Every structure is written in C-alpha cells, then in structure tokens.
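Biologist: I would like to go through this model with you. Could you take my questions one by one?

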Amino acid sequence: MSPHRMSPGALPVALLAAGALFTTALVPSAGAAPAAGTPSGGQPAPLSAAERADLLKDAEAGAAETADALKLGAREKLLVRDVVQDRDGTTHTRYERTYAGLPVLGGDLVV
C-alpha cells in the first residue's frame with residue numbers, strides 16, 4: 001500500500017476523530033473556569049427535573065426554527081440532546097445534527 005493511501009476502514013475512524021476534535025474545541029468542559037471578563041452568569045444553574053423537562057420541551061419545539069436560522073438544508077434536522085441554563089438565565093442547547101435521518105458524525109453543536 002502506498003504511504004499516501006488510506007485503508008477503506010480508516011476513513012470513518014479519521015472522520016470520527018476529526019469530528020471529536022472539532023466539537024471538543026467548540027465546547028468548553030463543564031469544569032472549565034470562565035474566561036477573564038466573563039460575568040459570573042457563566043456558571044450552570046441547578047435545575048429541578050421539571051425545569052429541565054420544560055427547557056428540553058421548549059428546545060424541541062424550536063429545533064426547526066433553529067435549523068432554519070443556521071441555514072441547514074431541508075434534509076438536515078436538529079435533535080435536542082441536552083439543555084443547560086446559566087445562573088444569568090442564558091440557555092445552552094446541545095443538538096445532534098442528522099441528514100436524511102442519519103446522524104452526522106461530528107455534527108453536534110451547542111446553541
């Protein structure tokens with residue numbers, strides 16, 4: 001095999017690794033300290049099960065509108081995976097992106 005050719009099974013692994021690096025770079029870890037100048041509202045607020053359920057329901061209801069705002073194609077959909085709310089009321093919604101019903105590897109995003 002030429003050193004410039006990739007084995008057939010290596011491509012999905014390479015794409016998965018690239019997607020993991022991309023999404024990791026976009027989303028700070030839960031324990032990360034706020035950046036300098038960030039208001040203390042960047043700290044997650046404790047949510048009751050009912051509050052979290054309401055936030056998830058609202059996010060699911062607005063997923064199509066969010067997909068339109070992000071200029072996703074007609075065959076792309078956003079599936080709500082998680083919701084976190086900061087102490088200042090800012091809500092962060094984690095989505096999984098799909099294309100024609102199939103998950104897009106590395107396509108998850110936080111809005």
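Biologist: What does the chain average in pLDDT?

Modeller: The chain averages a pLDDT (the predictor's confidence in each residue, from 0 to 100) of 76, and 63% of the residues score at least 70. This is a predicted model, in which local features need pLDDT of at least 70 and side-chain atom pairs count only at pLDDT 80 or more, while totals for chains, interfaces and linings use all residues. Residues are numbered from 1 along each chain as its sequence is written, and side-chain values use heavy atoms, without hydrogens and water.

Biologist: Where is confidence lowest, and where highest?

Modeller: The lowest is helix α1 (residues 10-26), with a mean of 45, and the highest is strand β3 (residues 102-103), at 96. Helices (H or I, at least four residues) and strands (E, at least two) are DSSP runs, numbered from the N terminus.

Biologist: How many contacts beyond four places in sequence does the model have for residues 20-38?

Modeller: Six, and pLDDT stays under 50 there; contact means heavy atoms within 4.5 Å. Where pLDDT is low, the predicted coordinates should not be read in detail.

Biologist: Which residues is Thr93 in contact with, leaving aside neighbours within four places in sequence?

Modeller: Ala59, Val80, Asp82, Val83, Leu109, Val110 and Val111. Ala59, with such neighbours again left aside, is in contact with Val80, Val83, Thr93 and Tyr95.
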